[in-house]
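Me: I would like to learn how to read the features of a model, one at a time. Please give the general idea, then the case at hand.

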Amino acid sequence: MTTNLSFFAVPVFWLLCVLPHSYGVLIMKTANNGHWNNSAPRSSNWHETLRKSTPKDIYARYERADAAHKNGFENMPIFIGAILAGNFAQLDTRTLNLFVTLYLFARVLYTIAYISISSHRYSVIRSTIWLLSTSMCLGIFVKAGLALP
Ligand SMILES: *[C@@H]1O[C@H](CO)[C@@H](O)[C@H](O)[C@H]1NC(C)=O
């Protein structure tokens, strides 16, 4: 019997969502003599302070890392929902394992693409990965719907 790994994908995904934020804070600290004010990290005031004190390309990279972090959490509900739906409908374990593996792999690529691609031209790569990964979740919902009596 194959072990169902799908629920374990949730803590892995959570970690993948937090990491880009940690990376962003790290590069900001490095660019600002170790200074980071954590009292209101999402405030426009703080972003303005960072923007003024940091080289342009580093600040842009920080913004993209933070956007990858937020996008991860925005996509967490649909991923968790798909895992729950797939298990509720008792989809084949291999299907569920393949789904979470491919999804996490795609989201790793997405995160790397978000942080490293700064041009408009190549950002289509990132958006395509996002669309494909999200479609995987939607596909599991459809499969689950079809499997119900
Ligand atoms: C951090 O930011 C807050 C809000 O802007 C400010 O009141 C506080 O003095 C800052 N703390 C440090 C250590 O810079």
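**Reading the model**

Reply: Trp14 lies in helix H1, which covers residues 9-31. Keep in mind that this is a predicted model.

Me: Before going into residues, how many helices and strands does the chain have?

Reply: Start with the count, then the order. The chain has five helices and zero strands. From the N terminus on, the order of elements is α-α-α-α-α. The C-alpha atoms fill a box of roughly 60 × 35 × 25 Å along the principal axes, and buried residues account for 39% of the 149 residues.

Me: Back to Trp14. Is Trp14 buried, exposed or partly exposed?

Reply: Read the relative accessible area against the cut-offs: under 20% is buried, over 50% is exposed, and in between is partly exposed. Trp14 has a relative accessible area of 43%, so Trp14 counts as partly exposed.

Me: Which residues make the nonpolar surface patch of about 320 Å²?

Reply: Trp14, Leu15 and Leu19 make this patch. A residue needs over 30% relative accessible area to be part of a patch, and Trp14 has 43%.

Me: How are the axes of helix H3 and helix H4 placed?

Reply: Take the distance and the crossing angle together. The axes of H3 (residues 56-88) and H4 (residues 93-116) come within 9 Å and cross at roughly 170 degrees. Angles over 145 degrees count as roughly antiparallel, so H3 and H4 are roughly antiparallel to each other. By class, their contact has 14 nonpolar, seven polar and three charged residues.

Me: What does Leu84 in helix H3 show?

Reply: Look at accessibility, then at separation in sequence and space. Leu84 is found in helix H3 and has 46% relative accessibility, so Leu84 counts as partly exposed. Leu84 and Ile140 are 56 residues apart in sequence, while their C-alpha atoms are 9.9 Å apart in space.

Me: Where are Asn33 and Gln90, and what are their phi values?

Reply: Phi of Asn33 is near 50 degrees, a positive value in a residue other than glycine. Asn33 is in the loop between H1 and helix H2 (44-53). Gln90, also not a glycine, has a positive phi near 55 degrees, and is placed in the loop between H3 and H4.

Me: Are Asn33 and Gln90 buried or exposed?

Reply: Use the cut-off again: over 50% is exposed. Asn33 is exposed, at a relative accessible area of 81%. Gln90 has 72% relative accessibility and therefore counts as exposed.

Notes
Residues numbered from 1 in each chain as written. Predicted model: local features only at pLDDT ≥ 70, side-chain atom pairs only at ≥ 80, totals over all residues. Heavy atoms only, no water. Patch = residues over 30% accessible without salt bridge, like charges linked within 9 Å, V, L, I, M, F, W, Y side chains within 5 Å. Areas by Shrake-Rupley, 256 points an atom, 1.4 Å probe, with all protein chains shown as cover. Salt bridge = Lys/Arg side-chain N within 4 Å of Asp/Glu carboxyl O. Helix = DSSP H or I, 4+ residues; strand = E, 2+ residues; numbered from the N terminus. Buried < 20%, exposed > 50% of the residue type's maximum accessible area, 1.4 Å probe, protein only. Axes fitted to C-alpha atoms, helices over the stretch in contact; angles between N-to-C directions. Parallel < 35°, antiparallel > 145°, perpendicular 65-115°, else oblique. Nonpolar A, V, L, I, M, F, W, Y, C, P; charged D, E, K, R; others polar.
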